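Notebook open. I want to look up strand pairing first, then the aromatic rings.

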Amino acid sequence: MVNRSAHLSAAAIQLYLLLIQAVTVTSLSPSHPTSLSSRTTVRSNGLRTTSSSTTTTSLFGVRSTLSRARDSIFAKERTDADLKDGIAFFYDRSSKLWEDVWGEHMHHGYYVPEDRTDHVQAQIDLIDEVLKWSYGADDLGDGSPKTIVDVGCGIGGSSRHIVRKYPGSEARGITLSPYQANRGNELAKEQGLADRASFQVADALNMPFEDSSFDLVWSLESGEHMPDKAKFVNELMRVAAPGGRIIIVTWCHRDLEKGEPSLSRKEEKILAKINRAYYLPKWCSVADYVELLEKEGAVDIKREDWSYIIAPFWKAVIKSSLNLRSVIGLMKSGFSTIRGAYAMLLMLRGFNAGVIKFGLITCTKPET
């Protein structure tokens, strides 16, 4: 159960977010006259363009800011275009703070035993344990993957670890965040891996790779960002080589019981609030992923729930944020990152309530 202090912390952070929204309303940039409607768009390739007109005062005015604040408070669902731009912006702003506090791996840790406190190593262990679970062995010998794509690569921690693990392998990582792609390439160069691991800005729903390109298609905690899960699974299967392995590790909602039409209203409300903070579309279950993979012709499908294995992670992240360095970094990162910090408490609540699951799904693409 989430204790009383956690509830009080959530309430305090929510109040702070509302104050930030209010300050935003009263501190509009003087460089945008109220007679003009100017908007800066963050494109998926990282470029920002500005357009102006004289027909409306809402976009950089009080009404638009109040509208955004209202949508955030009431957890209004975003459009696909808003999600795509928002994901890039969120990770452009928050990735440096995460790296400063937690290092290069932007995902959960493997908490066996559950009281372990070596959190960075726990994140590395998660990669190794997922690979071992998927392949059925730790040492793959000559059968190890040679070409790898990291779909939703963050700053490339998984890719660099995997190419070190499998001699002679090469990895390509894609992300919507220009900051993450650039930082991933910087770290690859610093670690002497620039010739084996590279990162670029690209859309996971339209990957810039030829069919049947990769022995291992790796997606660690990125599937939750995909607004079209069917298209996502289709792309994973498309770029996998015949006989290649696909691994999806993702937040899901619980499987529905037989005859249950949907999640409860309370469960949907928790997920909707998390969606606003982390730029997520509607959630699906592990069972939904299995069904999609079956439709694509995947074979050797295997699934597992590791919610209990990563359960201590969110408490550790929340605890790590309660120091001066983290708080200062959070303030510098801006409103979207602050809101993401608040959502950590919602994630913990969702895990404890059993609505959020940490799902693993693996399969292979048929040889023919």
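I looked up Val151 and found that its bridge partner in β4 is Ile174. Strand β3 (residues 147-151) and strand β4 (residues 170-175) run parallel and are joined by five bridges. Two strands pair if DSSP finds at least two bridges between them. Helices (H or I, at least four residues) and strands (E, at least two) are DSSP runs, numbered from the N terminus.

I then followed the chain from β3 to β4. The path goes through helix α5 (residues 157-165), and this β-α-β crossover is right-handed. Right-handed means that, with the strands pointing away from the viewer, the path from the first strand over the helix to the second runs clockwise.

A note on the source: this is a predicted model, where local features need pLDDT of at least 70 and side-chain atom pairs count only at pLDDT 80 or more, while totals for chains, interfaces and linings use all residues. Residues are numbered from 1 along each chain as its sequence is written, and side-chain values use heavy atoms, with hydrogens and water left out.

Next I checked β4 against strand β5 (residues 197-201). Five bridges pair them in the parallel sense. Arg172 has Ser198 as its bridge partner in β5. From β4 the chain crosses through helix α6 (residues 178-190) to β5, and this β-α-β crossover is right-handed.

Now the rings. How many aromatic pairs does the count come to? I get eleven. The rule: rings of Phe, Tyr and Trp (its six-membered ring) pair if their centres lie within 6.5 Å; planes under 30 degrees apart count as stacked, over 60 as edge-to-face and the rest as tilted.

I took Phe209 and Phe214. Their ring centres are 5.1 Å apart and their planes stand at 85 degrees, so I noted the pair as edge-to-face. Phe209 is buried at 9% relative accessibility, and Phe214 is buried at 5%. Buried means under 20% relative accessible area, exposed over 50%, partly exposed in between (1.4 Å probe, protein chains only).

Trp251 and Trp283 are stacked, because their centres are 6.1 Å apart and their planes at 25 degrees. Trp251 lies in strand β7 (residues 240-253) and Trp283 in the loop between α8 (265-278) and α9 (286-295), so this pair ties together parts 32 residues apart in sequence. Trp251 is buried at 10%, and Trp283 is buried at 12%. Ring pairs link Phe90, Tyr91, Trp251, Tyr278, Tyr279 and Trp283 into a cluster.
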